Amino acid sequence: MPKKRLPSPEHADTLSLNALRSLVTGLVSEVRELSAEVTKLRAENAELREENAALRQENIRLKVENQLLRDEVARLKNLPPRPPFRQSGMEKATDFKQDDPPAAKKKPRGPKLDIKRVSREDVLRMTPPPGSRFKGYKSCHIRELIVTAELVHYRRECWLTPDGKMLLAPLPAGIIGSYGANLRRFCLMLHAQGQVTMERLTTLLNDVGVDVSKRQVVRLMTQGLDSFVAEDAAVLHAGLLSAPYITVDDTGARHARSNFHTTQIGGAQFTNFRTTPSKSRLNFLSLLRGSYQDYVLNDAAFDYLDRRRVDPALVAKIRSHEPRRFCNQVPFLEYLASKGIDIFDRQAIRVLAEAGIWGSIRHHGLIGDTVIVSDDAGQFRVGNHALCWVHSERLLQKLMPTTPRQVRLVETVRDLVWQFYRALKNVKRKPPPGLTAAFHRRFDRIFSLSTGYDELDKLLARLFRRKDELLKVLERPGTPLHTNASENDLRSFVTKRKISGGTMSRDGRVARDTMLGLMKTCRKLGLSFWHYLGDRLGVDGQAIPPLATLVATKA
């Protein structure tokens, strides 16, 4: 039955009394119906809000459960667990674009830049039609790569001296067994920089015409690298001695079918990798000690023990007026045992060993006032330490708010942190005088907020306690605000791990760390890794100075 249409209220003055009553009654009825519908919609909206909150909590629970299952699968497969958060976009979002100085004029590109390095000249002739006139030549420069296999027959002179000794003419430098230096250079380049596996490299060489086995290729890339290992150690020593800052990070590695850890130590001019069974603070301090093996109990060592709040009675047993130096771990442990310290107490011995290594580091002049920038992993928190802002902001991203209000609070705090980070980047680029106190006050306002969201408030209080490490750039303007450089360096190692797997022998592990570190160092110094290998193997005329000298000079 169609609904009865009410009279139009515009002409109410012409309606009769009954018509007006009918109009008012109809309007009241409609208002009541609309009121009932609004009440019903409000109830449904409240139910939907409650259902949405329940679904949000269920979604968070499933995310946590899913991450736990992923971690368990990774543990069973002996893989590192994946982080439960996306990559932070704070660094790119806070880049300065309009305020950046104009970029330097780029080096022109084109075929005219390398014509001075012409190695061969050919004249291409043709048979022209009769009556043609010769008009000279038109130059054309073609880049070419020649990969060919050679089997060189060396006839070595033999001489018998008057005293009966036999002399033999030496072979050219770089030859190992029956294989030359250029072949070895080619293998090192492809395996370290090209990420080519041993098996594929062997197949490639066989296809080119080199009769070589996979085992021999392994020998070429893992044996006879003493000079490279020594230079890699010298680069690390020069970097720790002269760099104003270093960034550090680590990642998982496989060696001899066991889980190892690769630690990256790098600066603006160098990179170094070390793979060890542990990633403890004791291990990290051992890496910072470089090639030294001694332990030193000096003022720096006892200051370290005081910062770690070691039992004063234990410290008093080994404290002396003059520094004591031990050549290695054995006499150090003998000295501790002679002082009545239980050397089988791992916890006590570990912190004493850390102090002895830290004393050795300062005794040899390493680190000095160098700033160590890390992602807040406990083993890296030594010396003059600075905290990575990107990893700190990720802690906000890891929060799992359950209500719209908590979501808004997290987004507001993240926005404040991003704005503060952008201001810090501006300070790093152009340090303004006299603004340090203003930055400290602004930091205090942000990280002392009380939002009512317990997890967020606890995180802000935690970051507030790390204020000095987060604001290290105000004290040392050249210090980076993040460890992105370390993560970029480790990316090549992770790629090699995914492609080639792990290593089995000590020589293979050392060779991998050494060649990757030297390759990254050459890139940071603006050198060609190919020419570097050629110079060190004695097959290239382009002389390259020791990398350690370049690192110390450019620091």
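## Asparagine 272 and its surroundings

A polar contact is a pair of N or O atoms within 3.5 Å; within protein, one atom must be able to donate a hydrogen and the other to accept it, and residues adjacent in sequence count only if both atoms are side-chain atoms. In this predicted model, the side chain of asparagine 272 makes such a contact with the side chain of arginine 274, at 3.0 Å.

Asparagine 272 lies in strand E5, residues 271–276 (strands, E, are DSSP runs of at least two residues, numbered from the N terminus). Its relative accessible area is 0%, and the residue is therefore buried (under 20% relative accessible area, with a 1.4 Å probe and protein chains only). Beyond neighbours within four places in sequence, asparagine 272 is in contact with Asp232, Leu236, Thr263, Gln264 and Ile265 (heavy atoms within 4.5 Å).

Isoleucine 246 has isoleucine 372 of E8 as its bridge partner.

E3 also runs antiparallel to strand E4, residues 258–266, to which nine bridges join it. Threonine 251 is bridged to threonine 262 in E4. The two strands E3 and E4 form a hairpin with two residues between them, and alanine 256 in the turn has a positive phi of about 55 degrees.

## Basis of the values

Residues are numbered from 1 along each chain as its sequence is written, and side-chain values use heavy atoms, without hydrogens or water. Local features need pLDDT of at least 70 and side-chain atom pairs count only at pLDDT 80 or more, whereas totals for chains, interfaces and linings use all residues.

Key:
Helix = DSSP H or I, 4+ residues; strand = E, 2+ residues; numbered from the N terminus. Buried < 20%, exposed > 50% of the residue type's maximum accessible area, 1.4 Å probe, protein only. Pairing = 2+ DSSP bridges.
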